[in-house]
Every structure is written in structure tokens, then in C-alpha cells.
Amino acid sequence: MAFRKDDPVPNRAEPPAGTTVCVEHLTVVRGRTRAVDDVSFMIDAGSLVGLLGPSGCGKTTLMRSLVGVQQVQAGDIRLFGEPAGSPSLRTRVGYLTQSPSVYGDLTVRENLSYFAKIIGQGPGAVERVLAEVDLGHHTEVLVGRLSGGERTRVSLATALLGSPSLLVLDEPTVGLDPLLRRHLWALFRRLAAGGTTLLVSSHVMDEAERCERMLLMRDGRILADTSPADLLASTAAEDFESAFVTLIEGAAQATEENGR
Amino acid sequence: MTWRRTGATGSRVLLQLRHDPRTVGLMVAVPAVLMGLLAWILHGRDHDFDKYGPQLLGIFPLVVMFLVTSVATLRERTSGTLERLLTMPIAKSDFVLGYAFAFGLAAIVQALVVSGLCFGPYGMTVRGQPWLVVVVAVLDALLGTAMGLSVSALAATEFQAVQFMPAVVLPQLLLCGIIVPRGALPNVLHWVSYALPMSYAVDATQQLSSHAVVTGQFVVDLCVVGGFLIAALALAASTLHRRTP
């Protein structure tokens, strides 16, 4: 593994207090592609940040790097000042994988009870998260019999179990009906207001409007780090879809001009 | 490693088995029927079932547990549940031992039922203690579980996982002394057979078949199988990586 957590990054300034996530020059190579290419950003405690971009742009790889399950080639990631993947972070970070990672041959409650025991939470936590994701009426059903959206919510409930201070959520709302999507975003805002830091990814551009801040990703790079209002204003676009297109075209033009 | 997390993982695996009664049924019924078939084939041949029965009583559970465990762990790897667990405060040994406890318990049930049938209606007799045959069978089943856990790391799909069974188990079956006594094997193969756990498992049951008292050789065999079991569990834990490419 080329990445060593005690590798000093030259002239690394200490992140300001209140920074939950600090990523510096992160590069991840998967096969022949640079899935994440020299990415740097910080996230303040208690903020709700959207990670947007098309499928395959590196969102999942970036999130896997944050939670410490991705082998990374270069760069430095610190969560709460600790290197990503440190044992002390395992109860402070909640992670929702893109495909629901729960046991299909267990009931909803059995799934949550098991993960609660692993992170040292009591039955109270199970009831709380069931209510949070609105699954209280499905607790005795086998997860394999649920719809895709319901399965995603069981998986999300698992990530919420330990009331983690940082939530890394990979496409939690994709494929859900609009009402439920609104319900979950309201939950995310509530959690952020309570001091939880959230990084939420989506490939649906319209979800941008629900975040305070958004990171737009394409081809492993962050194209823009902005707020939804600023993005619309700066691109003079009417919706996020066309704002994103304008940004990509602008970036392509800049590369072309640099090449000349 | 903590008892709480190991225990939670073990009871979770047992719960999964409880929701899948057909798998549990097959785990017990397949070796039971196979042993019945063997008893029938060897019926009327003087003491042949007493000779081959105990040996195969240890091998059938090993095969079944190998398959069930390798597919179950592969599912954990491909469904993302293993990745999620490894972002949580669980030790790799909690995971591996949880599986070993759950399938160990299943193996005890399996061995009790199958050997109950063998020593009862199928009419198998050994000179040694019958309960020691059960001990060997459970140890063999656990060995199958541990080998299944480690081999699942080499498989990317369930098709591959299933094919590792013949690749890992059948050579041992050929060399363990059932078909040709190990002493009569060509020299190189005889030496190879010393490195394979099934040789010792089969030898242990042979000791029970032919000696009324617990022999030193039996104790050595049992210890070697136990050593292979611990090594396979350690290997399985070492194949779990928190960071993957």
C-alpha cells in the first residue's frame, strides 16, 4: 500500500477547529483509471454537503476512502483530526453503501439488532432508527422480501444506529418516491441542525437544491465547490442539470485553451 | 476480540439458518441418507461398513460445511455486509469465530443425528468409544467450515466458490487412505498425504474402529486436526481486509 498514514504532507496546515473532514490531494487509482484525482476539500462540523456527479465519476470511491475501506495511492484524509480508517473512528462514522448492505435472510429488526450489538447500542437505538426512516410497521419482515427502496432504508437505519457524528451516505435517496425522499432530506437537515456532519451523494442533479453546499464531481475531480444558489447564479442556468452541463463545457474549454 | 461481538455474530448466523429450514434440512439429511446408502451397499459384506462407515462419517459433514460456509462468506463479501462490518468496531477474529461457533453448533446437531443413525438402525460398530466418533465428526465439520471461510477469499462468484470444493477436498479424499492405504501410495504422494488434514481425520477414525482403548496415535491425530483447524481459522481471518482496492 503506497499510502501511509504517518506520511507527512509537506507544509500541511492544521485544519481550523470545527473541521470534521479534511481531505488533501487525495488520489485513488482503480485498475487503469484515476478514480479520484488530486482532490482536496474540507467540511465543517454540522454541515450538510451534497456530492453530486454522474455515475462512475468517483463519488463512491471518494466516500469509501473517507470511511477507510479504500486503498488510496496518495494524499491525506483526516476525520475529527484522525487519519481515515483509525479504529477510534469506527463508532463515530456511519456509512451507507450504495447497494443496501444488510442481510436479506434476516428480518428488519434482526438486522438492526445485530449491527446494534456490534457497535454497542441497546434496543432503544433500534426503535429510534426504525422511526427515523419510517419503517416501524415492517419490522418482522425478511429484508429480502422488501422493495428496493425499503431495503435502502434498512441499510440507512443501520448507518444511523450509533448516532454517529459524521454520516457518509452513498445515494440514500435514489429510487425512492418523492414523498419519502423529502422525508429523508428533512431528516438529514434535522441531523445537521443537531450537529451531525453529513456528506450525501447523488447522481440526480436536482437533489442539489436540498443541500447547503455541493461538491460537483466529474472524472475523479471536483469541478465546483459551491452552494446551489451560487451555482445557478454563476452559470445563469435555470436548473441544476443545465448548470452542470455549462460547468463541464466551461472546464473542457479551459483545458483546451491551456493546451494551446 | 470480544465475546459480545463474537456471540452476536454467531447467533446472527444461526438466525439466518433458522430462516432457511431447507438448508438446515439438507445439512442433516444429505449425510444421513449417504451413510444409509453406504450401509446398504456394504450390507452382508463382513464388517465392511464398520471399516468404511466411521471414516466417511467424518468426511461427508466436512464437505457439506465447506460448501455452506464458502457460499455464506462469499455472500457477505459481495453483498457489502462484510465491508460495512469492517467499518464498525468488530475484530476480524469476531467475524471468523462467530461463523465457527454457529456452524460448529450446526455440526454437533448434524453429527449427533447421523452417528445416531449409524450406530442405531444402520448397525455400525466400533471397538472404541462411539462418542469419540462424534467428536471427530464435529472436528471435521469445523475444519470444513474453516477451510470454506478461507477459500471464499479466492472466489469472486458463487460458481467459483462451489468449484473450490472438489479442488480442495477431492485430492484429500484420494490421498487420505480410504481408497489405497497411505503406506501403499507412491513415495511422493505418501509424503504429500502427511500435509493434508483429512489423512489425520481418517486415521483417527481408523484408530477408533480397531482399538478398544484410546491410543496415543488417536490423540496425536486429533491434535493435528485441531492444529489444522486453528491454522485455517487464522488464515481465514487474514483474508479479511479492511481496505480493498
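This briefing covers the strands of chain A, the helices of chain B, and the contact between the two chains. The model is predicted. Chain B holds ten helices and zero strands, whereas chain A includes an open sheet of four strands. Where the chains touch, chain A supplies 24 residues and chain B supplies 23 residues.

**Open sheet of chain A**

- Four strands of chain A form an open sheet in the order S2-S1-S4-S5, with antiparallel pairing.
- Strand S2 (33-44) and strand S5 (82-83) of chain A are the edge strands; each has a single partner strand, so one side of each lacks a neighbour in the sheet.
- Inside that order, strand S1 (residues 19-30) of chain A runs antiparallel to strand S4 (residues 74-79) of chain A, and five bridges join them.
- One of the residue pairs here is Cys22(A) with Arg78(A), its bridge partner in S4(A).
- In general, strands of a sheet pair through backbone hydrogen bonds, either parallel or antiparallel.

- Strand S3 (residues 48-52) of chain A and strand S9 (residues 213-218) of chain A run parallel and are joined by four bridges.
- Across this pairing, Val49(A) stands opposite Arg213(A) of S9(A).
- S9(A) also pairs with strand S10 (residues 221-226) of chain A, in the antiparallel sense and over five bridges.
- Met217(A) has Ile222(A) of S10(A) opposite.
- S9(A) and S10(A) make a hairpin with two residues between the strands, and in this hairpin Asp219(A) takes a positive phi near 50°.

**Arg181(A)**

- Arg181(A) is part of helix H5 (residues 178-193) of chain A.
- Why does Arg181(A) count as partly exposed? The reason is its 19 C-beta neighbours inside 10 Å, because a residue is buried only with 20 or more such neighbours and exposed with 12 or fewer.
- Setting aside neighbours within four places in sequence, Arg181(A) is in contact with Thr173(A) and Leu176(A).
- Arg181(A) and Glu238(A) are 57 residues apart along the chain, and 22 Å separates their C-alpha atoms.

**Chain B as a whole**

- From the N terminus on, the elements of chain B run α-α-α-α-α-α-α-α-α-α.
- The radius of gyration of chain B is 18 Å, close to the 18 Å given by the globule rule for 245 residues, so chain B is as compact as a globular protein of that length.
- Along the principal axes, the C-alpha atoms of chain B fill a box of roughly 60 × 40 × 35 Å.
- Among the 245 residues of chain B, 45% count as buried.
- Of the contacts in chain B with a separation of 6 or more, 78% are between residues 24 or more positions apart.

**Helix H2 of chain B**

- Helix H2 (residues 21-41) of chain B has 21 residues and spans 30 Å from its first C-alpha to its last, close to the 30 Å expected at 1.5 Å a residue.
- The buried residues in H2(B) include Met27(B), Pro31(B), Met35(B) and Leu38(B).
- An α-helix has 3.6 residues a turn, so residues three or four places apart point the same way.
- Helix H3 (48-79) and helix H5 (92-119) of chain B are among what covers the buried residues of H2(B).

**Contact between the chains**

- The contact takes 24 residues from chain A and 23 residues from chain B.
- Helix H2 (residues 108-119) of chain A gives the most to the side of chain A that touches chain B, namely five residues.
- That side of chain A has eleven nonpolar, eight polar and five charged residues.

Terms used. Residues numbered from 1 in each chain as written. Chains lettered and ligands numbered in written order. Predicted model: local features only at pLDDT ≥ 70, side-chain atom pairs only at ≥ 80, totals over all residues. Pairing = 2+ DSSP bridges. Expected span 1.5 Å × (residues − 1). Contact = placed C-beta atoms within 7 Å. Nonpolar A, V, L, I, M, F, W, Y, C, P; charged D, E, K, R; others polar. Rg over C-alpha atoms; globule rule 2.2 N^0.38 Å.
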